[in-house]
Amino acid sequence: MSFQTFVTFTVLILSVNESFFKQTAQEHVCSPCRCYNVTADCSNRNITKVPALRSNITQIILSQNNLTTVTRKIFERVKTLNITTIKLDYCKVTAISNDAFLDFQQLKHLSMSGNQKLPFMKLSHALVNINLSHLSLDDAGIRNKLDVVFMPFKHVSKLSLRGNMIENFNATLFSDGFPSLNILDLANNNLQTFPFTANLSQIEILNLTENKIESTNLHFCADGSVLSNGLRVLDLSWNFLSNISAFKSEGHCLLSLQSLILSNNYHIFKIPDNVFSRLPRINKILLKYVSSKIDIDPLAFNVSTLLELRLTTSEQLNLQPKHVNMFKLCPNLHTLHLTNVIFPKIHDNLTEMFSSLVKMEDFKIKRGIVRDISFLSTMEHLTKLDMLGNYIQGWKPEIFSDKPLTEIILSANQIAVFNQSSFPQHIWDNLKYFSASSNPFVCTCNLLWFKDWLDDNRNKLSTNYPELYQCLYPDEWKTKTIAQFEPEKYECQPAVSALVVIGIGLGCLAGVFLLIAFIVYKGRYHIKHRMLLVRSLQPYDRLPDGEEFVYDAFVAHHVENRVWVINHLLPFLEKQRKLRLCIHERDFLPGNFIADNIVNNMKVSRKVILVFSEDFADSEWCLFEATTAYNRIIAEGASSVVIIMLEDIRHRPVDNTIRNLLLAITYIEWGNDRNRQPEFFRKLLDALQ
């Protein structure tokens, strides 16, 4: 080895060691916090001071520490860093020194949420020389102290005051104290009205979700004059609105409004003609989870600027012939989501109804009882298609020939086979997401191409693959998944023998009869499956008078909660109380359709127990059980169904049926605390009486 080579090798080793030690030292610097990218997470670490952190850290999370007094001293070890974000949420802060944030002249975002005894005036003094742009004071116990909370914050552009039980809002205070404010979040308060005045003309995004605003207090014009305001986004979801005519009478005072959210206002029963037509720049309207009794006038969406419309009803909303032209006057729509909106009275007019939507990109009809999707042929720009929960059996492949689709959802329909010609090859190649679960797949040789495509594209499929991709025909593959479908090699190999040729030549007539017989035989599944679907939607039928129930309770639960059912529910109800429960793993009749087992066993059970969990809410079969139970409530009353809340799902997005069940029935909560379990079982036993 030459001297030059030796020197080069030595330098290389030293540089590697230096990098290693630097990295190790950097990781050690953050302890006990956890550092990732530019964020140091020091939450819930029981610290009284911020430890030394890496030099690139710009965001510090100090939430859930016992930092009752915030002073400059607790930031001593990080005062040289360019900190832009500090979160001191739920730290029981009761005192703040005037110089607490003096070392952080780059500070832009400060969150002090959850501190119920926060000294607001001290906070104002501490921030007087800081050019803060984002201030979060959620759940800070403000209530009716809004007038005495703040000194001027010249540079704050975003203010969050969620969950403070504020009843009155002083517009003058905020126009004087927050001259740069353009994003204001007042969600989850007790506001009955909001002053849309010139004093707040600089606000662009206003969140009034979960307040108590009624239609009579909805006014957008000050003394009848047109305001020069810049409001672009207005969220009024989860309020007490019943009449939205204010947008028609005073919409001209919202000249800049682009996005309007009216979701979860269950008492809105009317969307009048032209109600949004005086909003000159409106392009997005959300009406999610509104009443199924809502009456939509034919020209309700007469808005040429509208780009996005989402309409979801709590139960089925049946559109009438008067609605055929409801989208004619909004030809620029590129996103249309309709959930629980059905078209049985105009199913032959869907092409006419959607023909003007030539710019459509994101289209959804969920649970709409749609059979024919030929109306999609005019949507040349379609990239996302969601037709979950309809009655689609097939389509002409040419309707997709010119579409740049990348996401397709066709779950819970009546599709027996997918093959390579179902979609043009460019769609198969460009798909980013695909879901076709819970269809009645016919597992024959015609499905082999689709099986191979699924195996090769698992990264593009929903999480319920392969469990909900089941064969329902022929009998030997029934209940098996497509992934398990493995026919004998000779079954699917093309072969033509002399005997077949002779048989074709001499038995044409017999072949025609055999073909007809085969079609009738093959269609027997579709007939039965259709009957099951219709039957599951019908009101629950009582047992004949005098007939005893087979089970005391039908238990609907997700397979992931099976251990809890076996370890807790069965020992108490069956062993101790001698009740007879129907559990699908044990009591379902082998060979029957799953849907048939659910409907039949629920009918012969005196009560239905629904075990709600995260997995239950995401399972399509569990949702089927929930829907069947809800039909029983309609027929027999709420006492016929018992809900156990195994995991809290109240604050997460759930299917409408589960939401309706939670509204209709008082649930029983399970807790892991042994001391609370006797109370749980007492309530359960009372509910089963």
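**A walk through the predicted model**

Let's start inside, at helix H13: its buried residues are Ala 595, Asp 596, Asn 597, Ile 598, Val 599, Asn 601 and Met 602. Keep in mind that everything here comes from a predicted model. H13 spans residues 594-603, and seven of its 10 residues are buried, so the helix is largely enclosed by the rest of the structure. Buried here means under 20% relative accessible area.

Now step back to the whole chain. The protein chain has 689 residues, and 49% of them are buried. Its secondary structure comes to 17 helices and 29 strands. If you take the contacts with a separation of 6 or more, 65% of them link residues 24 or more positions apart.

Five strands form an open sheet with parallel pairing, in the order S26-S25-S27-S28-S29. Strand S26 (581-583) and strand S29 (668-669) sit at the edges, and each has a single partner strand, so one side of each is left without a neighbour in the sheet. As a reminder, strands of a sheet pair through backbone hydrogen bonds, either parallel or antiparallel. Further in, strand S25 (residues 551-556) runs parallel to strand S27 (residues 605-612), and five bridges join the two.

Strand S15 (284-290) is joined to strand S17 (residues 308-318) by five bridges, and the two run parallel. Leu 286 stands opposite Arg 310 in S17. S17 also pairs with strand S18 (residues 335-342), again in the parallel sense, this time over seven bridges. In that pairing, Glu 308 stands opposite Thr 335 in S18.

S15 also takes you to a pocket. Together with helix H16 (656-664), S15 is one of the elements that each supply at least two residues to the lining of the second largest pocket. That pocket holds about 580 Å³ of space. Its lining counts 19 residues, and those nearest its centre are Trp 238, Asn 264, Arg 650, Arg 652 and Arg 659.

What about enclosed space? The count comes to one cavity of 30 Å³ or more. The largest cavity has about 90 Å³ of space. It is lined by 11 residues, with Phe 196, Thr 197, Leu 200, Asn 229 and Leu 231 lying nearest its centre.

To finish, head out to a loop residue. Glu 486 is found in the loop between strand S24 (471-473) and helix H8 (498-506). Is Glu 486 buried or exposed? Its relative accessibility is 52%, so it counts as exposed, since the cut-off for exposed is over 50%. Even so, Glu 486 touches Lys 451 and Trp 477, leaving aside residues up to four places away in sequence. Cys 443 is 43 residues from Glu 486 along the chain, and their C-alpha atoms are separated by 9.3 Å.

Conventions:
Residues numbered from 1 in each chain as written. Predicted model: local features only at pLDDT ≥ 70, side-chain atom pairs only at ≥ 80, totals over all residues. Heavy atoms only, no water. Buried < 20%, exposed > 50% of the residue type's maximum accessible area, 1.4 Å probe, protein only. Helix = DSSP H or I, 4+ residues; strand = E, 2+ residues; numbered from the N terminus. Contact = heavy atoms within 4.5 Å. Pairing = 2+ DSSP bridges. 1 Å grid on protein atoms, 1.4 Å probe; cavity = no way out; pocket = protein on both sides within 12 Å on 5 of 7 lines; lining within 4 Å. Points joined across faces, edges and corners; volume = space filled by probe spheres on them.
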